[in-house]
Amino acid sequence: MTKIDTSRPETVLPTPSHTVGPFYGHALPFPGGGDIAPVGHPESIALQGYIYDGDGNPLPDAFLELWSADPDGNVPQVDGSIRRDPASGGYLGRNGVEFTGWGRIQTDANGHWTARTLRPGARGQSAPYISVCVFARGLLVHLYTRIYLPGDEAALAADPLLARVPAERRDTLIAREQRDGTYRFDIRLQGEGETVFLEFQ
């Protein structure tokens, strides 16, 4: 039995601080996660960008999930993003034929991410967009946003969600075309130029 001397106050040390997890680099990313478009598809586009924290530093251990409609505006209903070997459980890769509309991309050591997908078609009254979910250290709840592609100013002006965003912040939801078929979309978690994030209820 341990006895405590109550005549002396005990020294209580604070719990050491540590980064809020979970740490997404283990098990969740998979090879080819950003290769969403079928190989050689003529309507493929490339997306790339950086994820920055509130101080403007790139995050090397974040990841994104992307979802989008196909070029006709239909939500894909096919499997095939994460195929596993039934015997070993190992990752087999995408089949290279089906467009699932979904991908998972981890940022590299410089906070950079890249994906190859199909330019989505419009759905309803919305301009074409790609849904994004951001996971990063320090975020207790993941964040949702959208990537709109430039090129159809009338559709962007009529989009119901963009119409609700203050004019000075709309650009945080619209990718910039770097060259034909390649777009840049940076995500800023907070601070100057913070990306508009969506809340679903």
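A residue counts as buried when its relative accessible area is under 20%, as exposed when that area is over 50%, and as partly exposed in between. The exercises below apply this to a predicted model.

**Exercise 1. Decide whether strand β3 is enclosed or open, and find what pairs with it.**

Solution. 
1. Strand β3 covers residues 102-106.
2. Four of its five residues are buried, so the strand is largely enclosed by the rest of the structure.
3. Strand β2 (residues 63-68) is joined to β3 by five bridges, and the two run antiparallel.
4. One of the paired positions can be named: Leu64 has Ile105 of β3 as its bridge partner.

**Exercise 2. Find which side chain forms a salt bridge with Glu65, and state where the two residues lie.**

Solution. 
1. The partner is Arg104, with an N to O distance of 2.7 Å between the side chains.
2. This pair connects distant parts of the chain: Glu65 belongs to strand β2 and Arg104 to strand β3, 39 residues apart.
3. Glu65 has a relative accessibility of 9%, so Glu65 counts as buried.
4. Arg104 has a relative accessible area of 14% and is therefore buried too.

**Exercise 3. Classify the two residues of the salt bridge between Asp61 and Arg137 as buried, partly exposed or exposed.**

Solution. 
1. The side chains of Asp61 and Arg137 meet at 3.0 Å, N to O.
2. The two residues are 76 apart and link distant parts of the chain: Asp61 sits in the loop between β1 (44-52) and β2, while Arg137 sits in the loop between β5 (129-135) and β6.
3. Asp61 has a relative accessible area of 23%, so Asp61 is partly exposed.
4. Arg137, at 32%, is therefore partly exposed as well.
5. The whole structure holds four salt bridges. Another of them joins Arg184 to Asp186 (3.0 Å, N to O), and both of these residues are buried.

**Exercise 4. Asp70 has no salt bridge; determine how far away the nearest side chain of opposite charge is, and what surrounds Asp70.**

Solution. 
1. Asp70 lies in the loop between β2 and β3.
2. Asp70 is buried, and the nearest side chain of opposite charge is that of Arg123, 7.7 Å away.
3. Leaving out residues up to four places away in sequence, Asp70 touches Pro76, Phe99, Arg119, Pro120 and Gly121.

**Exercise 5. Locate Gly151 and state whether Gly151 is buried or exposed.**

Solution. 
1. Gly151 is in the loop between β6 (143-148) and α1 (153-158).
2. Its relative accessible area is 68%, so Gly151 is exposed.

Conventions. Residues are numbered from 1 along each chain as its sequence is written. This is a predicted model: local features need pLDDT of at least 70, side-chain atom pairs count only at pLDDT 80 or more; totals for chains, interfaces and linings use all residues. Side-chain values use heavy atoms; hydrogens and water are left out. Buried means under 20% relative accessible area, exposed over 50%, partly exposed in between (1.4 Å probe, protein chains only). Two strands pair if DSSP finds at least two bridges between them. Lys and Arg count as positive and Asp and Glu as negative; His and the chain ends are not counted. Contact means heavy atoms within 4.5 Å.
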